[in-house]
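Please read them beside the model.

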Amino acid sequence: MLIKTPSKSALKTSDITDESVYIQRRKLIKSMGFLGAGALLGSAISKTASAGFFDSKDADSGSFKTTPLKFTSDKDNLSLIKTPEQKVISHNNFYEFGAKKNQPAELSQNFKVNPWQLTISGECDNPITLDYDDLTTLFALEERIYRLRCVEAWSMVVPWIGFSLADLLKKVAPNSSAKYVLFETLHDPEQMPGQSDRRLGGGIAYPYVEGLRIDEAMNPLTLMSVGLYGKTLPPQNGAPIRLVVPWKYGFKSIKSIVSIKLVREKPQTTWNKLAANEYGFYANVNPAHDHPRWSQASERRITSGGLFARNRIETLPFNGYGEQVAHMYKNMNLSKYY
Amino acid sequence: MVFTTSHKVLLLKVVIHLAAFLPLLNLYYLAFNDQLGADPVQEVIHFTGIGAFNLLLVTLTVSPIAKRFKQGYLLQVRRLLGLYTFSYAFMHLLNFLVFDLQLAWSLFFNEVVKRPYITIGMIAFVLLTALAITSLDRIKRKMGKSWQSLHNYSYFIAILVSVHFYWSVKSEIISPLFYMVLTVALLAFRYKKIKTLILSIFVKNIRSK
C-alpha cells in the first residue's frame with residue numbers, strides 16, 4: 001500500500017518524465033529507510049527524510065532552464081566512455097544546496113544565475129568584472145572531455161564546455177606579485193539553503209574558497225567551465241561558471257564563482273581549513289597517497305549500469321594527466337605536499 | 001474470538017517482517033535496475049548501514065518500553081528485531097565487499113586493518129554474528145547463564161556502531177551526533193545494569209591478579 005501510493009500520484013501529471021519517477025523513487029526508498037525506527041523514535045531526521053514522501057510539491061517545482069551553447073568539439077578524447085548526462089546532473093557534491101548527493105539537483109532549481117557578476121582583481125594591471133553574457137561570449141568556447149576524480153574515490157567522465165583560465169588571466173595581466181589565485185563561490189544564504197542551515201550545509205565554512213598556484217592556474221588544462229553536454233551548466237553543477245582542474249580531486253573545482261583574486265600568499269582553502277590532514281592544498285590525484293580514512297589506489301567509475309557494473313579501476317597519478325602537469329611538481333615531495 | 005497475547009505477538013511479528021523486509025526487496029530491485037540515483041552502490045551501502053543502526057536501536061528500545069508499560073509480551077519480538085539488525089549489517093558489509101570493492105579481497109583486508117572506522121564496524125559485525133548464531137533456542141539453552149553475558153554485548157555494539165557512523169562522514173556530523181545521543185539515552189535506561197557489568201569486569205581483574 002505504502003509502496004504504490006506515490007507512483008499513482010506521479011502518474012496523474014501529464015508531463016511525467018523518467019527523471020521525476022526517478023526522484024520520487026529515491027524519496028520513497030529514503031523514507032522507507034527510516035520506517036523501521038521512524039515510528040518509534042519520532043526523530044527529527046526521520047521527519048525530514050519522510051517529508052519528501054508526503055509532500056508532492058517540491059519534486060515538481062520548475063526545473064532550471066539550460067540553453068544550448070556554440071563550441072568546438074573535443075575530438076581527441078572520444079575514446080573515453082562518458083558518464084550519462086542524467087548521472088552527471090544528479091550526483092553532485094555542492095554543499096551549498098545540501099550535503100547529500102541528490103540534494104543539489106533537488107534544491108537548486110530556482111537558482112538565479114542572470115544577472116551575475118564575476119570579478120577578477122588583485123595583483124594585476126587590468127582588473128575586470130564580467131557579467132552573465134560575458135561568460136559565454138568573451139572567449140571562444142571549446143568542449144573538453146575530462147575525467148573527474150572525487151576525493152571520495154568515485155569518478156566520472158564529463159564533456160565540459162568552457163575556456164582556459166589562462167586566457168581569462170591574460171586579459172587582466174597579472175603582475176609579478178601574483179603567486180596564487182583565490183576563487184570564491186557566491187554567498188547567498190537565501191538562495192543557497194546549505195549556507196543558512198548547518199544540517200543541510202554539512203558543517204563547512206561559507207563562502208566556499210579554493211586556490212591554485214599561478215602556474216597551475218595558467219596550465220592549458222585548467223578550464224573555466226560554463227556548460228556540459230552541449231548546454232549551459234545546471235545549478236547543481238556550478239552554474240553559471242565554475243573551475244575544472246582535472247588532475248586534482250573534485251573539491252578543488254569550485255562552483256558558481258563570483259570572485260577570482262590574484263594574491264601573493266598561499267590562500268586558506270575550505271576543506272584544507274576543516275581537516276588539513278585529510279585534504280591538502282594541492283590535492284593532486286595520487287594513488288600512492290591515501291586519504292587517512294580510505295584508500296586512493298582505485299576508484300569506481302560511474303557510468304551506466306546498476307549494482308553489478310564492474311567499474312572499479314586503478315587510479316592514475318595526476319588522474320592520468322601527468323604528461324601535461326607532472327613537470328610543475330618535479331622537485332616536490334608529493335606525500336608531504338598532498 | 002478472543003484477541004490473546006499470542007495474537008498480539010504474531011501481529012507484531014508480521015508488521016516487523018513487512019517493515020524490514022519489503023524495503024530491502026524494493027532497494028535491490030531499484031539498484032539492480034540502475035534506478036537508485038547515479039551511484040546505486042553508495043545508496044545501498046548507506047541504506048543498509050543506517051537501516052541496521054535503526055533496527056539495533058529499536059531492538060534496544062523494546063525492553064524499556066515493555067517495563068515502563070508492563071507489556072511483557074513485547075520481549076518476544078526482540079529476537080526477530082535482532083536478527084533483522086544482523087541481516088541489515090550483513091548486507092551492509094556484503095555491499096561494501098561485493099559492489100564497492102568488487103571482491104578485491106586484499107584491498108578489503110587492508111581497509112579493515114588500516115582504517116579505524118572500518119575496523120570498529122567489523123568488530124561490531126563479528127559480535128552481532130555471535131549474537132545471531134546463539135539466538136537459536138537449542139544453543140541458548142545449552143549456554144545457560146553465559147548466554148545473557150554474551151548478549152549484554154549489544155550495548156557495546158551500539159556504542160561501536162555510533163562511533164563507526166560518526167567517523168565515516170566527511171563533515172556532516174549532525175546525523176551521527178544525533179544517533180550517538182539516542183544510543184546514550186537508550187543505554188541510560190540500563191544505567192544500573194551497565195554499572196554492575198562494568199564493576200564486575202574490574203572485580204574479575206582484581207581477583208585474577
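1. Burial is used below in this sense: a residue is buried if 20 or more other C-beta atoms lie within 10 Å of its own, exposed if 12 or fewer, and partly exposed in between, with C-beta atoms placed from the backbone. The model is a predicted one, in which local features need pLDDT of at least 70 and side-chain atom pairs count only at pLDDT 80 or more, while totals for chains, interfaces and linings use all residues. Residues are numbered from 1 along each chain as its sequence is written, and chains are lettered from A and ligands numbered from 1 in the order in which they are written.

2. Most residues other than glycine have a negative phi, and most peptide bonds are trans. The next points list departures from this. Helices (H or I, at least four residues) and strands (E, at least two) are DSSP runs, numbered from the N terminus.

3. A:Phe318 is not a glycine, yet its phi is positive, at about 55°. The residue sits in the loop between strand 12 (312–314) and helix 13 (322–325) of chain A. A:Phe318 has 22 other C-beta atoms within 10 Å and is therefore buried.

4. B:Leu103, also not a glycine, has a positive phi of about 60°. Its loop joins helix 3 (78–100) and helix 4 (105–114) of chain B. Here the count is 10 other C-beta atoms within 10 Å, so B:Leu103 is exposed.

5. A:Asn114 and A:Pro115 are joined by one, with omega about 10°; A:Pro115 is in the loop between helix 7 (103–107) and strand 1 (117–122) of chain A. The bond from A:Ala239 to A:Pro240 is also cis, with omega near -5°, and A:Pro240 falls in the loop between strand 8 (231–232) and strand 9 (242–244) of chain A.

6. Why is strand 4 (residues 154–164) of chain A described as largely enclosed by the rest of the structure? Nine of its 11 residues are buried.

7. Two strands pair if DSSP finds at least two bridges between them. Strand 4 of chain A pairs with strand 3 (residues 142–149) of chain A in the antiparallel sense over eight bridges. These strands form a hairpin with four residues between them, and A:Ala153 in the turn has a positive phi of about 75°.

8. Strand 4 of chain A is also joined to strand 7 (residues 223–228) of chain A by five bridges, running antiparallel. A:Gly162 has A:Ser225 as its bridge partner in strand 7 of chain A. With strand 11 (residues 298–301) of chain A, strand 4 of chain A pairs in the parallel sense over two bridges; A:Arg301 in strand 11 is the bridge partner of A:Ser155.
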